[in-house]
Amino acid sequence: MAERYVYFFGAGQTEGSKDMKELLGGKGAGLAEMARIGVPVPPGFTITTEVCRLYLRAGTYPDGLREQVQSALERLETATRKTFGGGASPLLVSVRSGAAFSMPGMMDTILNLGLNDTTAEAMAAESGDARFAFDSYRRFVQMYADVVLGVHADQFERLLEGRKHARGVREDTELSANDLRELTAEFKALVREKTGKDFPEDPQDQLWGAIHAVFNSWQTPRARAYRRINNISDDLGTAVSVCSMVFGNMGDDSGTGVAFTRDPSTGEKRLYGEFLVNAQGEDVVAGIRDPLHIDGMAQALPGAYEEFLEAARLLEDHYRDAQDLEFTVEKGHLYLLQTRSAKRTGRAAIRMAVEMVDEGLITPEEAVLRVEPDQLDQLLHPMVDPDANVHVLTTALPASPGAASGQVVFNPDEAAERGPHEPVVLVRRETSPEDFHGMVAAQGILTGRGGMTSHAAVVARGMGKCCVAGAGELVMDEGRRRFTVGDVTVHEGDWITLDGSTGRVILGKVPTVEPEPTDDFRRLMEWADAARTLRVRTNADTPNDSAVARRFGAEGIGLCRTEHMFFEGDRIDAVREMILAEHGAARAIAVAKLLPMQRADFEGIFRAMDGLPVTIRLLDPPLHEFLPHGMAEIKDLARKLKQNPDKLRSRVEAHHEANPMLGHRGCRLGISYPDITWMQAQAIFEAAVNVQKEGVRVCPEIMIPLVSTAEELRRQREIVDHVAEEIFYQCDARVDYLVGTMIELPRAALTADRIAAHAQFFSFGTNDLTQTTFGLSRDDAGRFLPSYVEGGILPDDPFQTLDIDGVGHLVQTATRLGRGVHADLKVGVCGEHGGDPRSVEFFHNAGLNYVSCSPYRVPVARLAAAHAALKDPSRTRTSEPAPVSDRALAEQEAVAAD
Ligand code: PEP
Ligand code: MG
């Protein structure tokens, strides 16, 4: 039997279901499921994603497809008692794309397909409404020409505007049937002029042209860009749903709308959406006419409204998740055209998940999986300072929360160009999918038109980017690159601030404040913590960062980069003096200056992290970051150090390195200048003993950087252990501590068994490990790596998401070798990857004990670790974990006793 490529839905003959999303796409599966559970949908059929894959691979359709489509069309004709391409009652269809993952605005929809000069007249006669028939016809010609024939919609809009102007009317609905008939002819003439061919009259040609266009649209740059940003595979392909048309533009008892079963911005449980009376299809989403709030439908179309409420409730219960619905009312009859999981802001995702647990709809574990770790980022980002004195230009729709300040740009290409280097806010009358690259690069998006479900709003929310939409008071003058609000004119390059939580557009750059976590956030994170097994620490170098991270739930410090402590004030001079010292005695003087500063730093950090482990990494500066640059700086330093500038310059030159990232850094410094290791160990142990006396519980873990041989670690550890014993003796006190190493060079990973003989823990420095595995400088990679990702040579930037095949392999190898020596060797990660959700999943599966990331990423990593645990097939743990500090201490004691 030939493979099946077409599935019918509706009219009691549904063949698909919600579980066939991969084959039928989200839309096709949703339509099938709605039909199955009794929600009214117009009947139709779906061509599978398999056809798209075959078509894109071979350039032709598989055998049997045309026959299957024809037979489905005939079933549709029977079900609707209409005829495709003729008869007194012509069958019109919509053709829509739908991949397994929803891709808003990425793919194109065609409505009213099947209309031509003959069927339009038949439709006018049948409905007794020529205006309606020709309104549908001109829309079809425009949409089809735009999507299939590549004649930009703007040119049709111009003709439409011209006609409205000539008639002296404002709304499309005020044009007569004759106007629309003539306009359709003008549209078709435009198509002939632009394409050199007549607009296709045969509905079969129209249908196959549309199917073709949908499949091809899978490959457009904007679809590809969306997939790349959302990590959707290029291999999935899209389905095509062909659905019998229902009409929202059949008069005042008709309409169309979109609604969410819960507020997608705040998560509040209330129907949220917009609708337009006597309008069709994309009018609401396109933001062309200002729609009514969905509540207004209760008065305009009360019967259909009640039915819609019931359908919305049914669908939310059935899917056990907030739904994003599209519907049309035709002469009082309701039809649902789409249901899909509602895209939502991070704030909304948390509230919905927590409230659904309280409503008994989902379990806490499901709630944890309902919130994407990266979504938390939005909540952890600053908001406009409520106490700031602000000049509010206008207040519009709070389409996507957060705050964004930047210089105004009007052109998406310019936003894309400038955005990576400086903050810009993209200001547009309305956005369309062509603007996507500019929206990605901008800090925030402001539109003059459109509602909460406009393209700008939907896409910005999906990206977690601040957006204020529908600012009707804005008078745009894109030609002169400016807009005005009242008597204020804002030019390109001027600063504005958007407040996506209140919809305020503010003149200038406004201070922001940290958000306070909500109760819902706390509850969700408690469930996440109960589910995860991977610990989450933070990378922090100051008491303040440590305190912030602790508030975000960090279970210790995984990396304190001590060289960062030396960048402040005149400390840098003492470091320079230490590095450039001519002999041991001079170095000892410089080192002695640094000791009290370091000790005070460590005391502050230990206090902030009372009861939690603190991993302090010994000095690892690439030398060029510390040495003075240029003669002026050298002279200045010479004056401070009371040295001869020329002599000093030659010392600086002696330290010059061709590639400082691979040079005299990490433990190589400590090996050359043991006094530095000595001083740092002394500062750590004195600080530990001091604060322990105050009653603080300290758990120092001393980490040796950039080790490539076991001998380097052995020698550095010898110094640390020796200093510890001396300080403990002098102070008559002891502190439990560990000494471990970073694994950040391939040689270290490959000889991890030998290294483990001297280490009490490993921490992967995946930044350097990526750099050295690829042989790719982390500072220079940015110049060409994006083109590697764009061109598909690499799936991701390996400095952001771990390269599992290469670097990941080294992580697994080193862990196995290390644990072969000490079965319970504690292993963590402190490179940037510790805060990247996909990398965190890998670290969980690789059996690591913890990840460490920047303070603001800590909740993201906690949630990512919970996702990894909940998705782990070998998962057994169901009990609650012990409180953080007790666990950390128990772990510390266990390792120390080893
Ligand atoms: C690393 O290399 O991953 C690391 C954490 O160290 P740094 O970034 O300081 O080199
Ligand atoms: Mg490193």
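A cavity is here a set of points, on a 1 Å grid over the protein atoms alone, where a 1.4 Å probe fits but cannot get out, and its volume is the space filled by probe spheres set on the points, which are joined across faces, edges and corners. By this rule the predicted model has four cavities of 30 Å³ or more. Local features need pLDDT of at least 70 and side-chain atom pairs pLDDT 80 or more, whereas totals for chains, interfaces and linings use all residues. Residues are numbered from 1 along each chain as written, and side-chain values use heavy atoms, without hydrogens and water.

**Domains**
- An automatic or database domain assignment divides the protein chain into domain 1 (247-344) and domain 2 (382-513).
- The centres of domain 1 and domain 2, taken over C-alpha atoms, are 27 Å apart.

**Second largest cavity**
- The second largest cavity has a volume of about 60 Å³, and its lining residues (an atom within 4 Å of a point) include Leu-618, Cys-667, Ile-676, Gln-680 and Gln-716.
- Helix H25 (667-672) and helix H26 (674-693) each supply at least two residues of this lining, helices being DSSP runs (H or I) of at least four residues, numbered from the N terminus.
- By class, the lining has seven nonpolar, five polar and no charged residues, where Ala, Val, Leu, Ile, Met, Phe, Trp, Tyr, Cys and Pro count as nonpolar, Asp, Glu, Lys and Arg as charged, and the others, Gly among them, as polar.

**Helix packing**
- The axes of H5 (residues 130-147) and H6 (residues 153-167), lines fitted to C-alpha atoms over the stretch in contact with angles from 0 to 180 degrees between N-to-C directions, come within 9 Å and cross at roughly 155 degrees.
- H5 and H6 are therefore roughly antiparallel (over 145 degrees).
- Contact between them (heavy atoms within 4.5 Å) joins Arg-138, Gln-142, Ala-145 and Asp-146 in H5 to Ala-153, Phe-156, Glu-157 and Leu-160 in H6, a set with four nonpolar, one polar and three charged residues.
- The axes of H21 (residues 571-580) and H23 (residues 630-641) come within 11 Å and cross at roughly 90 degrees, which makes H21 roughly perpendicular (65 to 115 degrees) to H23.

Notes: Chains are lettered from A and ligands numbered from 1 in the order in which they are written. Angles under 35 degrees count as roughly parallel, over 145 as roughly antiparallel, 65 to 115 as roughly perpendicular and the rest as oblique. On a 1 Å grid over the protein atoms alone, a cavity is a set of points where a 1.4 Å probe fits but cannot get out, and a pocket is an open set with protein on both sides within 12 Å along at least five of seven lines; lining residues have an atom within 4 Å of a point.
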